[in-house]
Amino acid sequence: MPTATMRTLSVDAISGPRSAIPRTVLLCLKETRPAVLVAFQLRYLAGVALALGPATVSGALPVIQAALGSLAWSCAIVYTYLYNGCMDCPEDRINGSARPIASGRLSPRTALAVARAAAVAALLLSAGAGAGTLLLCAAMLLLGHGYSAPRTAWKNNTPAAMAVVFCSGLLTYAAGPVALGVPPHTPALLLTALVMSLWMALVGAVVKDFSDIEGDTAAGRRTWAVTLGERRTGVLVAAGACLVGGGFAAGAARWTPQLLPTAGVVLTGALVLAATVLTVRAADPRERRRRPYRVFMGTQLCAHLSLIGQAAV
């Protein structure tokens, strides 16, 4: 009589189909970069907090609209970064990026499908938040698309990338108040939006390229890091960071003293970043060349947490 044998299935074989969608979502979030999502949400919330200072809202509708706007903005950022990851895949692989698309863990086809779904969700959610939020969100999606799309490719030269990043910052700070139905024109909000958008443009849009010079060169991009080299670009970034930090402190002291703690955080971060970026060399490991970008991100995260925490007290 033949003996029956029992074949043991692996855990992956059992859970594979069930875990495919959650795994794809997780990889898409990693590609979008959680720190970036958090940064944009903090900008959105900062706009809300600063607009609510002298204004009041009544009823549940404005709160619901602000929440829908927040979700819409996150979906717009997911679209922007997933689409960028798909378009940047060849050079990201040259640069040795460990992000999901470049490393092959997430196919560009899947990422593009998720990106398109996120764009549709962004428009639907923003429509629920009001016509103003819908217009702002549509503009944000267009900026994100134009930044990476082959026909426009604003990412390929630093001035164009800086302009896109600056406008995306202004749109984000305005989105929260618009969703609430509050005009975004308080002095504190205007100063914060201007200065922190300049921080994104003059600093973040430039230092992000320091670790990607090899791939950007192969792709034919004309970023400052490629055309000027790390040393000259580092001097420009250091000057821009100190200009933004010093300008924020001076502006806060002159017009909005309540922003002095936040301005102090930005000025401190600017000095640390200037010292960091001036020591970056082309021969340094990729992780070392990423440090200026990490200082940039850390500074804006701390600044927004300080601002929102102060508004909540």
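The accessible surface of the protein chain comes to about 14,800 Å², and 69% of this area belongs to carbon and sulfur atoms; areas follow the Shrake-Rupley method with a 1.4 Å probe. The model is predicted: local features need pLDDT of at least 70, side-chain atom pairs count only at pLDDT 80 or more, and totals for chains, interfaces and linings use all residues. Residues are numbered from 1 along each chain as its sequence is written, and side-chain values use heavy atoms, with hydrogens and water left out.

The secondary structure comprises 15 helices and zero strands, taken as DSSP runs (helices H or I, at least four residues; strands E, at least two) numbered from the N terminus. The radius of gyration of the protein chain, 22 Å, is close to the 20 Å of the globule rule for 313 residues, so the chain is as compact as a globular protein of that length. That radius is taken over C-alpha atoms, and the rule is 2.2 Å times the number of residues to the power 0.38.

| Property of the protein chain | Value |
|---|---|
| Box of C-alpha atoms along the principal axes | roughly 95 × 55 × 40 Å |
| Buried residues | 49% of 313 residues |

Buried means under 20% relative accessible area (1.4 Å probe, protein chains only). In helix H7, the buried residues include Leu 136, Met 140, Leu 143 and Tyr 147. Their cover includes helix H2 (34-52), helix H3 (61-87), helix H6 (108-128) and helix H8 (158-180). The 18 residues of H7 (residues 131-148) should span 26 Å at 1.5 Å a residue, which agrees with the 26 Å between its end C-alpha atoms; the expected span is 1.5 Å times one less than the number of residues.

How values were computed
Buried < 20%, exposed > 50% of the residue type's maximum accessible area, 1.4 Å probe, protein only. Contact = heavy atoms within 4.5 Å.
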